Amino acid sequence: MIELHNVTKKFAGRTAVDDLSFRVPRGEIFGLLGHNGAGKSTAIGMMLGQVWPTSGEIKICGHDVAANRREALMRVGAIFESPAFYDYLSGWRNLEILSTYSAPTPAARIREVIEWVGLTGREQSKVRTYSHGMRSRLALAQALLPGPELLILDEPSDGLDPEGIHEMRQTIIRLQHELGLTILLSSHLLNEVEQLCTRIAVLQQGKKVFEGNVADVKAARGKVALKTSDFAGATRLLRERGLITASAGDRYITLAAGRTTAEIAQALITAGMALEGIWQHEQTVEDFYLNLIKPPVATDAH
Amino acid sequence: MFRAQLKNELRKLFGKKRTYIGFGAFLLAQTLMLLAFKYTRWQSDFERLLNGNGYLASEFISALTVSVVMLIPQIMLLMPLYATLVGGDLVAKEAEDGTLRMILSRPISRVRLLFVKWSAGNIFAIVLVVALGLTALGFASLLFPWKGMFVFSPGQAFSVLSAHDGLVRFILSHLFLAMNASVMMSVAFMFSCFNMKPAAATVLALSFLFVSMVLENIPFFDRYENWFVTHHFKCWLLVFQDPVPWLQICQSEIILFSVSATAFIIGTMAFQVRDIKS
């Protein structure tokens, strides 16, 4: 659905996106992560033909965006952070106006979309009277109008309260389950990305520093949580037997290469220590992301 | 599809309160000028001028004469302001508000989008001029009789016309006034296509028109007057001359149309290569 091949964008000598490549196949929810200024919005702008790449090729739905923008975007919907509308017009009129930039849209389709996003009854009110959550729903409605196959969401939960964020998350899940959409999600909410996305790419200073499955990120070899009445004694014993290489705080241990949690449990029980629990500590996307973009520690030159 | 896009562009344009500022200002200015003409020395001075030239003032102080007298300052001062205000808003305001990014996530080409906007701007220019002419004539008819017309005209000291002939020329002059408004709007539209605030686009367009007017009035540039767009703006007054200098009017109109089209093309080229970011 989305293909970026060696895409670079420079603004007045500053490289905003540097040699970025990735593919998003049909039906996937793909997360684009990175701090502010990492190049996410520029990359999305290039996918939508709003920003011209300095070099590289972008294909959306099999069409080159630079050469064939109309075909590329025909079945694409997009939502941006803080969605902007014609506040002095009604929600219905806004949808009518935006739909004419894609293809003729019958009133029945507009009604259907309004119902889908839950704005029925408020569609004739002026947008200036809408709450932030309602504006987000209207943004979603305008993105769904052309019957998209691909949805590009740039910080869709930006500015929403916790309830709104939850609602948006549920909506994204519905979009994929009920409509089978491919979704590109750019978000700062790593918890949200973890719950929604199947794959992620992380950008740092315009460069892609990671691309992979969320499941792999979470299952990456990490710490093991150990609950025992004498954590210090247990770790001393396990170290002596060469079963662990490190311990952290009063809960986590790092297994030595080739060792399993079953061996740890057996060693502790054999030594007569009370073992209350032992389990693989699952790494969150947040842990992974923060470790990945952590600034390098300054090294002493001496 | 173009019709639907244009209709919606007009809905956006005429749905905004600031679009009506110009109409409101015209109404206010016309009321004040009409009262000033009726109740100050303005009318008696005008009568003296007519009598001094051998015309019966009572025959020519009419609704048509007063309409044109009221139109001249409004066309010089207010029309550029409101035509450029709307022209400057057309693209830059949408970019500033963030709605342009929403539009450009759809499969419409930038050239088509701009053409729709420019067409809507031209319709606004026509509506503005028609409203100006209708209200001027309507207001003047309330206080002055329907008689012959006296009008100052460039190249000729003045023209005197019958009521019927005057009305026909008055209507015709608005065709050319609409072209003036279109040029003013187009220049602001061109600046609006660059990466700038809507107010900056309006100010730049007004500056362009002002500089043209100042240079045109410097004696040194007399022989270059055809190079100044504001010189051609005066052609609306030429329709009141006898005989009507059609060739000169056509030349001016072609030049004005070319300026308008050039402004659109430059704006489109600038917009086409622009990166639209939040």
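Buried here means under 20% relative accessible area, with exposed over 50% and partly exposed in between (1.4 Å probe, protein chains only). Some notes on the model follow.

This is a predicted model, in which local features need pLDDT of at least 70 and side-chain atom pairs count only at pLDDT 80 or more, while totals for chains, interfaces and linings use all residues. Residues are numbered from 1 along each chain as its sequence is written, chains are lettered from A and ligands numbered from 1 in the order in which they are written, and side-chain values use heavy atoms, with hydrogens and water left out.

1. Seven of its eight residues are buried, so the rest of the structure largely encloses α1(A). The buried ones are A:K40, A:T42, A:A43, A:I44, A:G45, A:M46 and A:M47. After α1(A) comes A:G49, with a positive phi near 70°.

2. Next, A:T235, in helix α9 (residues 231–240) of chain A. Its relative accessibility is 8%, so A:T235 counts as buried. The A:T235 side chain reaches the backbone oxygen of A:A232 at 2.9 Å. Leaving aside residues up to four places away in sequence, A:T235 touches A:I244, A:S247 and A:I253 (contact means heavy atoms within 4.5 Å).

3. Between the chains, have a look at helix α3 (residues 91–99) of chain A against helix α1 (residues 2–15) of chain B: the angle is about 140° and the axes are 9 Å apart. Axes are lines fitted to C-alpha atoms, for helices over the stretch in contact, and angles run from 0 to 180 degrees between N-to-C directions. That makes the pair oblique (under 35 degrees is roughly parallel, over 145 roughly antiparallel, 65 to 115 roughly perpendicular, the rest oblique). A:R93, A:E96 and A:I97 meet B:N8, B:R11 and B:K12. Ala, Val, Leu, Ile, Met, Phe, Trp, Tyr, Cys and Pro count as nonpolar, Asp, Glu, Lys and Arg as charged, and the others, Gly among them, as polar.

4. Within chain B, the axes of helix α2 (residues 21–39) and helix α5 (residues 63–97) come within 10 Å and cross at roughly 155°. α2(B) and α5(B) are therefore roughly antiparallel. Among the residues making the contact are B:F26, B:M33 and B:F37 of α2(B) and B:M70, B:L78 and B:Y82 of α5(B). The α2(B)–α5(B) contact divides into 15 nonpolar residues, three polar and no charged.

Note on methods. Helix = DSSP H or I, 4+ residues; strand = E, 2+ residues; numbered from the N terminus. Polar contact = N/O pair within 3.5 Å; in protein donor to acceptor, adjacent residues only side chain to side chain.
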